[in-house]
Amino acid sequence: MAKTNRSGGVLGAFPDKSNFSTSFPVQNVGRIVSIVLDATHPRFKELGEWNGLGTIEYTLVDQPIPSSQVYPTAKPYDPSIRNFPLINEIVYIAQLPDTDIGRFTSSKKSYYMSVVGLWNHPHHNAFPQNSNVLPPSQQKDYIETEAGSVRRVTDQSTEIFLGRTFVERGNIHPLLPFEGDRIIEGRWGNSIRFGSTVTGSVNTWSSTGTNGDPITILRNGQGIQSDEGWIPTIEDINNDDSSIYLTSTQKIPLQSQAVEINQYFSYPDNGKPTTPNEYAGKQIILNSGRLVFNTTQDHLLLSSQKSIGFTAVESINFDTTGPVTLQAGEVYLGSKNATEPVLLGQSTINLLQTLLQELATLTNILSLQIGVPPGAPLAPTNTQAALTNATITNLLTQLNGLMSNSVKTV
């Protein structure tokens, strides 16, 4: 139920002129001539410099264009939610209190509300001051619209001046709504939908759960779309440029090439995670051409009730100038079925040193053995013992070089 103020008006709605003195009755409709967006606007200083951001120049739609070319101005009505109109769009204008109201209760100036939805389309809702100056194809476009037809731009653009950089695109589609949705749409296929499961609908998230289960979808870019921009579209996580999905019970048909190729091979067969396109429940999905997680002051921490899985088509790399620490009950390298234990480096070196030193002692003794008659050398034994002793001495000098300076284990 909507809340009302003491005068009976609905809170949050446009102020009823009956709530003000008779000095505030003026309500008009204006067409945007220009808007202050930066310091290059000709009236930037006059209109308050940076305090004048969003201020528009306009003409009244029911009056001729003023010959003086000094247009009236209006400031944004709501400074917290900024919806900057385009040139030739139409806005609702009202006279409301200004900063001098403390001295003069009738002090007022013009404020503009949101854009009038002439085309009921998020891309733009502009209408030319004089449609007769447009090319014949565009004149037909607007004449048919005035007669009640749907405006369908088929050549990707119009000749309406919308701003210095804003060029109309005919392939921007509005979102198709479902019961109970609250949708915020930008002009270029970016949107936030506060929606829910709607069983039996054509959307991609209502195959599981019950009606009313919440879902929030943030989307930036519609991906590849048809040129029929007047036909509504639905978010498509596999086609949209970048998406964030916050789900409750929904199943999202995300296609992952890495998962399809690797199939979670490192997991035991009875413990593999549910694939992204089959999981139904509370989750947050981020999907884009690239994801970057970066911290500027503290840690980046990942924590999971079950496992943390890394799956990639090409490689997984870890780079750091500091240490890499892996602490676990068991570590398997190369395969989840690995059975060969890794040798302890220092302990192995110690054992080999002892063995080689004992062998060195033995071969040293053998190399000096004397045969019969007394004093005759045991030629074959002496020769081989001397060669082996030299080899052992060489191996002893190399043992310490076998130990890694960077990888340690317990």
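**Exercise 1.** Which helix and which strand each supply at least two residues of the lining of the largest pocket?

*Solution.* Keep in mind that we're working with a predicted model.
- Start with the secondary structure: the two elements are helix H2 (257–262) and strand E10 (284–287).
- Now look at who gives the most: that's E10, with four residues.
- Next, the volume of this pocket, which comes to about 1,800 Å³.
- Zoom in on the centre: of the 34 lining residues, Tyr 264, Pro 276, Ile 284, Leu 286 and Gly 309 are the closest to it.
- Finally, sort the lining by class, and you get 17 nonpolar, 14 polar and three charged residues.

**Exercise 2.** Work out how helices H3 and H4 are arranged: are they roughly parallel or antiparallel?

*Solution.* 
- Take the axes of H3 (residues 345–366) and H4 (residues 379–398): they come within 8 Å and cross at roughly 155 degrees.
- Angles over 145 degrees count as roughly antiparallel, so H3 is roughly antiparallel to H4.
- As for handedness, the H3–H4 crossing is left-handed.
- Then pick out the contact: H3 brings residues including Gln 353, Leu 356, Ala 360 and Leu 366, while H4 brings, among them, Thr 381, Ala 385, Ile 392 and Leu 396.

Key:
Residues are numbered from 1 along each chain as its sequence is written. This is a predicted model: local features need pLDDT of at least 70, side-chain atom pairs count only at pLDDT 80 or more; totals for chains, interfaces and linings use all residues. Side-chain values use heavy atoms; hydrogens and water are left out. Axes are lines fitted to C-alpha atoms, for helices over the stretch in contact, and angles run from 0 to 180 degrees between N-to-C directions. Angles under 35 degrees count as roughly parallel, over 145 as roughly antiparallel, 65 to 115 as roughly perpendicular and the rest as oblique. A crossing is left-handed if the near helix is turned anticlockwise from the far one by less than a right angle, and right-handed if clockwise. Contact means heavy atoms within 4.5 Å. On a 1 Å grid over the protein atoms alone, a cavity is a set of points where a 1.4 Å probe fits but cannot get out, and a pocket is an open set with protein on both sides within 12 Å along at least five of seven lines; lining residues have an atom within 4 Å of a point. Grid points are joined across faces, edges and corners, and a volume is the space filled by probe spheres set on the points. Ala, Val, Leu, Ile, Met, Phe, Trp, Tyr, Cys and Pro count as nonpolar, Asp, Glu, Lys and Arg as charged, and the others, Gly among them, as polar.
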